[in-house]
Amino acid sequence: MLKGFTRLLHSPGEQLKSLLEPQQGASGALSPRIIPRSEHPVSRQQISDAALKVLYRLNGAGFEAYLVGGCIRDALLGKMPKDFDVATNATPEQVRDLFRNSRLIGRRFRIVHVRFGREVIEVTTFRGKPQDEHGDHIAQQSDDGLLLRDNVWGNIEEDALRRDFTVNALYYNIADFTIHDFANGAQDIEARTLRLIGDPATRYREDPVRMLRAVRFAAKLDFTIDADTEAPMYDLAPLLLSIPPARLFDEVLKLFMSGHGLVTFRMLSHYGLFGMLFPEAEEAMADAAWAEDLIEKALANTDKRIAEDRPVTPAFLLAAFLWPPVAHRQAALESEGMPSIPALQAAAQQVVTRQLQHVSIPKRFGMPMRDIWELQGRLPLRRGKKAFQTREHPRFRAAYDLLLLREQSGEIPGGLGEWWNAFQTGDEHDQRRLLQKVGGDPAGQGDRRRKRRRKPRKSEG
């Protein structure tokens with residue numbers, strides 16, 4: 001089916017060509033290309049039952065209802081869609097009235113989440129173009145062009161042109177199963193090109209996060225970013241500094257926890273975007289040759305684990321991103337005479353304090369991240385019970401993995417990682433031998449109680 005769709009784009013018949021080419025309506029509005037069901041591979045069998053329920057209920061109530069965005073894009077690429085977003089002409093309040101299992105969220109962009117168990121279907125109302133008569137409670141823009149609030153409702157044509165990329169402006173109509181393409185997104189999918197709708201510089205000023213989305217989609221889909229779309233990114237990267245740190249944390253998860261982290265990192269660095277998210281890490285990479293290699297190895301390791309469907313945690317990646325500046329600050333504090341462990345703790349606090357100004361780190365990830373760093377100071381201490389206590393720490397494995405990356409990147413000499421690998425996999429005899437090798441007291445591992453010295457008896461007589 002996908003091959004047929006590809007051939008269609010290359011050489012459509014005259015009648016179908018007239019359907020696929022944009023038409024200018026009498027009102028001057030751009031009409032969509034209409035791709036009939038027989039000419040595209042999107043099937044209801046690919047759509048979740050929850051999304052179908054939302055679409056059919058909206059349609060049955062007299063509203064327009066479309067699947068839109070990434071799910072249609074992925075289906076046209078031959079991928080199985082995962083996330084299903086619905087666009088409609090029903091207002092958020094009307095959607096909420098139709099679904100008892102829904103709730104309104106957001107102030108900047110009001111949308112509705114309809115929950116079916118663990119699955120959430122996001123429903124958005126068609127957005128229009130803000131006008132002068134709209135008050136700040138409906139639409140508001142900063143002096144720099146940043147959209148502070150955007151809750152102006154419109155029609156599907158206006159909504160399509162408000163979307164970010166052409167490949168995301170594809171609407172699947174549940175009424176007749178056609179795809180409505182308002183911005184030549186199907187052609188860009190065929191050409192594997194990522195292109196912004198409208199003037200790129202203006203769109204980035206409206207929402208600087210679009211620069212991160214451009215990189216994420218290009219890395220995920222293996223697309224080339226259109227030259228006009230990428231050109232402003234080099235100069236406009238600092239606009240990300242105006243985005244709330246909590247929102248950027250959500251974007252960081254999408255960027256690096258989707259299985260394409262290494263490619264994403266290299267693209268972010270190329271456009272000057274990584275430094276807007278992790279400024280001190282970028283500074284450390286400029287000062288230490290091993291820092292970039294460590295980060296890239298951590299990302300490659302995470303990508304591999306995701307590909308193998310093994311568990312991953314943002315805490316480890318964040319620990320790797322920020323370890324170079326922690327190590328740099330620790331060395332500076334030690335040169336001033338501060339002992340190693342207090343210097344490590346102080347350096348960690350300084351790095352985290354600055355980082356939170358750019359990308360927030362929730363405690364559920366921040367605390368394990370700090371544990372991983374603290375264990376870097378404990379891993380070289382292997383005498384007696386210390387080795388056993390370190391091995392039993394809940395973050396030991398993650399700390400051990402970071403230790404290996406530090407050795408592989410050349411920050412520290414090799415050897416310590418090999419010792420810990422032998423210690424955690426060896427039996428009791430092997431562990432005693434390893435402890436003796438570093439001068440530890442194997443007897444210290446046991447639970448022997450220290451014998452009390454007997455007081456000398458007083459002589460009688």
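Trainee: Is Arg192 buried, exposed or partly exposed?
Mentor: In this predicted model, Arg192 is partly exposed, with a relative accessible area of 35%.

Trainee: And where does Arg192 lie?
Mentor: In the loop between α7 (185-191) and β13 (193-194).

Trainee: Which residues form the positive surface patch?
Mentor: Arg192 again, together with Lys79, Lys82 and Lys220.

Trainee: Switching to salt bridges, how many are there?
Mentor: The count comes to 22 salt bridges. Take Arg329 and Glu280: their side chains meet at 2.5 Å, N to O.

Trainee: Which helices does that pair sit in?
Mentor: Arg329 lies in α17 and Glu280 in α15, so the pair ties together parts that are 49 residues apart in sequence. Arg329 is partly exposed at 24% relative accessible area, while Glu280 is buried at 9%.

Trainee: What network of salt bridges is Glu280 linked in?
Mentor: One that links Glu280 with Glu283, Arg329 and Arg354.

Trainee: Which residues of α15 are buried?
Mentor: In α15 (residues 279-287), they are Pro279, Glu280, Ala281, Ala284 and Met285. Those buried residues pack against α13 (261-271), α14 (274-277), α16 (289-307), α17 (314-335) and α18 (340-355).

Trainee: OK, what about Asp74, what does Asp74 pair with?
Mentor: Arg73, in a salt bridge whose closest N and O atoms are 3.1 Å apart. Asp74 is buried, with 9% relative accessible area, and Arg73 is buried too, with 3%.

Trainee: Last one: how far apart are the closest N and O atoms of Arg397 and Asp401?
Mentor: They are 3.6 Å apart, in a salt bridge. The two residues are four apart in α21 (residues 396-409), so about one helical turn separates Arg397 and Asp401. Arg397 counts as partly exposed, at 47% relative accessibility.

Technical notes. Residues numbered from 1 in each chain as written. Predicted model: local features only at pLDDT ≥ 70, side-chain atom pairs only at ≥ 80, totals over all residues. Heavy atoms only, no water. Patch = residues over 30% accessible without salt bridge, like charges linked within 9 Å, V, L, I, M, F, W, Y side chains within 5 Å. Areas by Shrake-Rupley, 256 points an atom, 1.4 Å probe, with all protein chains shown as cover. Salt bridge = Lys/Arg side-chain N within 4 Å of Asp/Glu carboxyl O. Lys, Arg positive; Asp, Glu negative; His and termini not counted. Charge placed at Lys NZ, Arg CZ, Asp CG, Glu CD. Buried < 20%, exposed > 50% of the residue type's maximum accessible area, 1.4 Å probe, protein only. Contact = heavy atoms within 4.5 Å.
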